[in-house]
Amino acid sequence: MIFGRVPVDEAEGAILAHSRSLPDRRLKKGARLAAEDLTALRSAGVTEIVAARLDPGDLAEDAAAAAIGDALRAAGIRVAEAATGRCNLHAETAGLFLPDRRVVDALNAIDPGITLATLDEYEPVEAGRMVATVKIIPLAVAGAAVEAALALLREAPAFRLAPWRPRRLALIQTELPGVKPSVLDKTRKATEARLAPTGSRIVSERRCPHDTDALAALLAEPGDADLTLVFGASAVIDRGDVIPAAIEAAGGTVEHLGMPVDPGNLLLLGRLGGQPVLGAPGCARSPKENGFDWVLQRILADVPVTAADIRRMGVGGLLMEIASRPQPREAETAAAEPVVDIVVLAAGRSSRMGGPNKLLATFGGVPLIRRSVETALAACNAGRVRVVVGHMQAAIEASLAGLPIEIVANPDFEAGLSTSLKAGFAASATADGVLVMLADQPLLGAADLDRLIAAFTGEGKGAIVAATDRGRRRNPVILSTRFADAIARLAGDVGAAPVIAAHPEALTEIEIGAAAGTDVDTPEALAAAGGTLTPAFAN
């Protein structure tokens with residue numbers, strides 16, 4: 001390829017390097033210049049342009065990206081149309097992303113103009129998420145380089161997607177005197193949220209004293225589960241401890257104890273009756289990512305995990321910065337988690353619905369506002385749930401009868417969204433963070449909210465957490481209460497976007513897919529989401 005300045009009279013068939021605006025048209029970067037384009041350039045007084053002229057055998061950027069993207073195609077992965085020298089690949093189903101570093105590195109070594117970027121190894125993905133992108137850097141590359149990339153990919157795939165295989169799980173929790181039942185209940189909710197994206201579910205839960213014989217008796221009972229999770233009231237620090245001893249007493253084996261991942265060091269991997277048994281570390285009672293997730297996700301995607309695999313998890317295994325560990329052998333207990341209250345905004349007029357209040361539309365017979373608030377209440381790691389009301393307050397409150405929530409009245413709701421945001425934020429001043437949830441997002445689930453809460457730090461990066469849909473920032477969003485003054489200064493029909501824009505260093509984005517991008521502002525959107533309008537509840 002020859003790149004540089006070219007007289008317009010010699011540029012037919014060349015590839016334009018920089019977009020040009022002309023009186024009657026716009027010529028885009030990467031456009032192959034035709035005779036009429038040159039005429040337009042001359043008419044505009046342009047005598048010279050920056051362009052690329054292909055050598056024999058060269059491929060233009062889009063053709064090269066498309067060819068390599070097509071060669072990367074794999075089961076469960078969709079290849080998008082190439083544009084501007086880029087070809088993106090997306091997951092068609094949820095699962096675990098498994099790149100082959102050797103192949104990716106080899107492809108990136110073929111030619112500086114050919115690049116492939118992927119998600120990290122063992123990254124859990126949801127349907128629709130981008131997993132890789134091919135980018136051709138120059139406007140064209142040598143066809144021989146593209147052929148070398150294709151030959152490499154014919155020999156070995158650069159990545160694959162291991163879809164989740166839903167499992168039936170048995171949950172066993174041991175108890176010591178003084179352990180509150182609420183701790184065990186919260187552990188189950190956190191586990192259910194962890195399993196939700198994979199389609200797996202808990203089919204039985206049993207509790208027993210933290211004693212080898214009692215636990216062994218439960219483990220030995222036949223059941224229809226594919227996997228057993230054991231949460232001990234005390235951490236496992238030795239193969240002679242209660243949980244490993246009980247597994248062996250029940251006829252099973254302990255394959256590995258401990259892992260070089262923090263938090264998550266005290267994980268146990270065993271097998272009983274041909275099925276895996278996981279002894280969960282104490283940190284797995286929290287929805288925050290830890291080493292337990294790494295092992296559980298592989299099992300749920302049918303990806304083998306052995307003692308040797310666990311021993312290789314040390315690089316990248318430091319998942320959180322810990323200032324000190326004065327008593328490293330004490331039972332794993334999580335540091336105080338930031339308290340995140342949820343504020344559901346439900347004061348608006350639904351003006352785009354043309355009459356009925358969208359929040360009183362029904363989904364399966366349940367009003368949308370009640371459905372949304374029940375989702376908030378089901379989040380396992382949330383604090384209080386508050387609902388900001390204004391328009392049609394009496395009907396909204398009636399739809400929420402019996403739910404353990406706090407109602408926050410906003411008499412100024414007609415002045416715009418900012419007034420509801422300020423009211424909810426002011427009522428949540430004792431929390432560390434506020435998850436601001438719109439009431440008209442019917443695809444949101446409790447597991448989505450838990451993922452956002454798990455990423456919230458309260459300060460520094462993660463003091464703001466926003467949901468995204470295919471990389472585009474949407475809702476819900478969590479904001480640290482240290483931004484209370486900035487929220488209080490908002491005015492008009494705006495949300496938290498100005499505060500987020502002013503603090504990019506604090507932002508963490510969490511991809512949750514269509515649940516973040518789907519709201520029901522119009523009758524058409526409501527019907528498409530499965531809702532039914534209720535004319536009786538008109539403005």
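**Strands and a helix**

Reply: In strand β12, A132 is the bridge partner of L89. Strands here are DSSP runs (E, at least two residues) and helices are likewise DSSP runs (H or I, at least four), numbered from the N terminus. This is a predicted model, in which local features need pLDDT of at least 70, side-chain atom pairs count only at pLDDT 80 or more, and totals for chains, interfaces and linings use all residues. Residues are numbered from 1 along each chain as its sequence is written, and side-chain values use heavy atoms, with hydrogens and water left out.

Me: Over how many bridges do β8 and β12 pair?

Reply: Two strands pair if DSSP finds at least two bridges between them. Strands β8 (residues 86-91) and β12 (residues 130-136) pair over 5 bridges, in the antiparallel sense.

Me: In what order do the 4 strands form the open sheet?

Reply: The order is β7-β8-β12-β10, with antiparallel pairing. Strands β7 (77-79) and β10 (114-118) are the edges, each pairing on one side only.

Me: How is helix α8 placed, buried or exposed?

Reply: Buried means under 20% relative accessible area, exposed over 50%, and partly exposed in between (1.4 Å probe, protein chains only). In α8 (residues 291-300), 10 of the 10 residues are buried, among them F292, W294 and L300.

Me: What is found just after α8?

Reply: There, D302 takes a positive phi of about 60°.
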